[in-house]
Amino acid sequence: MMTIIDLLADAAARGARYLETLPKRSVAPAPPAIDALRVFYQPLPERPTDPAAVLQQLDNAGSPATVATAGGRYFGFVIGGSLPAALAANVLAAAWDQNAGLVIASPATAAIEATALRWLLEALSLPASCAAGFVTGATMANFTCLAAARHSLLNRAEWDVEAHGLFGAPAITVVVGDEVHVSALKALSLLGLGRDRVIRVPTDAQGRMRAELVPPLDERTILCLQAGNVNTGAFDPIAELVDRARAARAWVHIDGAFGLWAAAAPARAALIAGVERADSWALDAHKWLNVPYDSGVAICRDEEALRSAMAVRAAYLVQGVEREPSAYTPELSRRARGVEVWAALASLGRSGLAELIERNCRMATRFAAGLRDAGYEILNDVVLNQVLVSFGDDEATRRVVAGVQEDGTCWCGGTVWHGRAAMRISVSSWATTDDDVELSIAAMLRVASETNAAR
Ligand SMILES: Cc1ncc(COP(=O)(O)O)c(C=O)c1O
């Protein structure tokens with residue numbers, strides 16, 4: 001049996017070899033690799049297995065069947081890679097195996113997380129007094145922020161929603177854009193605020209809320225804005241709406257899963273103007289900060305509202321005088337995801353973060369230019385890292401998307417934008433190089449012309 005030291009060295013070596021293979025392999029796993037996953041469809045072993053053999057089995061059958069999202073040519077969804085420092089921190093933190101919920105259970109991760117939060121607020125130019133919880137992703141960040149909003153609005157009406165729920169509570173109005181992300185609607189449904197009782201404000205050609213159609217707001221209203229439409233990357237008119245909402249004492253929540261990172265890049269300042277005047281912000285770190293899955297942040301201006309919605313008390317849960325991480329999250333026990341956020345920010349610094357965001361945006365612009373110059377239509381204004389491209393009619397576009405995925409040079413997903421099929425390109429990884437972009441454009445053009453020729 002290997003020692004734990006040898007086993008961890010073996011795991012690290014296998015991980016490193018895996019990363020080395022990514023530039024040379026198909027981004028989507030090859031069909032034989034998927035077939036080989038059959039080895040996992042086995043009954044629970046009766047007897048123990050040597051840990052080294054367990055690892056070997058995972059690597060032999062699992063690694064080839066992964067999608068190469070950690071490589072430089074994955075442009076699906078909005079995924080992001082893992083920065084070297086963040087990945088290495090993840091490995092170390094796994095060895096620590098800390099329960100990051102309580103200071104007394106993990107002073108180290110509580111201190112690191114508190115610094116990660118301070119740095120995040122600074123990098124994004126959000127008020128330093130904001131509170132935040134480190135959650136699994138933007139879905140839970142939306143949930144956590146909206147729970148704080150629900151608390152705050154009902155508390156003003158002298159209704160204790162945590163104690164009594166929503167039965168008999170004063171009504172809350174929720175206003176969203178027609179292009180609201182499904183995760184915000186899911187959060188509303190989980191909170192008893194209902195996904196279908198929202199007021200949906202029509203959006204423009206880029207998916208931005210039309211400010212002139214926003215209904216009158218009041219102190220019992222949550223206005224959900226978006227920084228970064230999942231298809232186009234567009235931003236709602238935040239500056240205009242946030243002031244109107246604040247004057248009405250409405251709560252402004254911003255779903256900025258990936259788009260909020262624009263606040264770290266000075267050249268994108270115009271998009272994000274006014275964002276710091278909102279009440280809460282949902283942010284993903286596993287997207288554009290490029291930390292390993294899973295990692296999101298729920299940021300809230302009113303610390304008391306967030307704590308009231310999230311904190312619990314029990315005699316055995318010792319409360320210190322410092323920030324108790326679990327007072328800001330739905331979870332009690334959880335992994336120390338703040339460690340990777342800290343490591344990513346420590347390794348990038350302010351300038352490195354700005355450069356990463358800006359570089360990916362520049363690459364998105366290059367994709368758009370390369371495809372447009374070849375005669376294909378770009379369906380969105382490329383203001384951030386998202387590109388929507390049509391290769392002709394819907395059928396032709398769908399065939400090209402399938403062909404690009406099968407070709408394996410890169411990976412892009414499909415979507416429907418304003419009734420038209422489109423290929424979505426999201427540039428969100430530190431690992432993407434200019435060569436990756438050129439190789440991918442060439443592959444897309446090759447597939448598009450072969451697909452058209454084969455019609
Ligand atoms: C705008 C927006 N909000 C929320 C989410 C959900 O994020 P997660 O998958 O991390 O829960 C996404 C994911 O793409 C998104 O783009």
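In which loop is Asp294 found? In this predicted model, for which local features need pLDDT of at least 70, side-chain atom pairs count only at pLDDT 80 or more and totals for chains, interfaces and linings use all residues, the numbering runs from 1 along each chain as its sequence is written. Side-chain values use heavy atoms, with hydrogens and water left out. Asp294 is found in the loop between strand S6 (280–284) and strand S7 (296–300), where strands (E, at least two residues) and helices (H or I, at least four) are DSSP runs numbered from the N terminus. A cis peptide bond, with omega of about -5 degrees, joins Tyr293 and Asp294.

Around the ligand there are 13 residues, of which Thr139, Asp255, Asp284, His286 and Lys287 come nearest; a residue counts as near if one of its heavy atoms lies within 4 Å. The shell divides into four nonpolar, six polar and three charged residues, with Ala, Val, Leu, Ile, Met, Phe, Trp, Tyr, Cys and Pro taken as nonpolar, Asp, Glu, Lys and Arg as charged, and the others, Gly among them, as polar. An N or O atom in the side chain of Thr139 is 2.5 Å from an oxygen atom of the ligand, while a polar side-chain atom of Asp284 lies 2.7 Å from a ligand oxygen atom.

Five aromatic pairs are counted by a rule under which rings of Phe, Tyr and Trp (its six-membered ring) pair if their centres lie within 6.5 Å, planes under 30 degrees apart being stacked, over 60 edge-to-face and the rest tilted. The rings of Phe75 and Phe367 have centres 5.0 Å apart and planes at 75 degrees, so this pair is edge-to-face. The pair links distant parts of the chain, 292 residues apart, with Phe75 in the loop between helix H3 (51–62) and helix H4 (84–96) and Phe367 in helix H12 (residues 337–373).

Technical notes. Polar contact = N/O pair within 3.5 Å; in protein donor to acceptor, adjacent residues only side chain to side chain.
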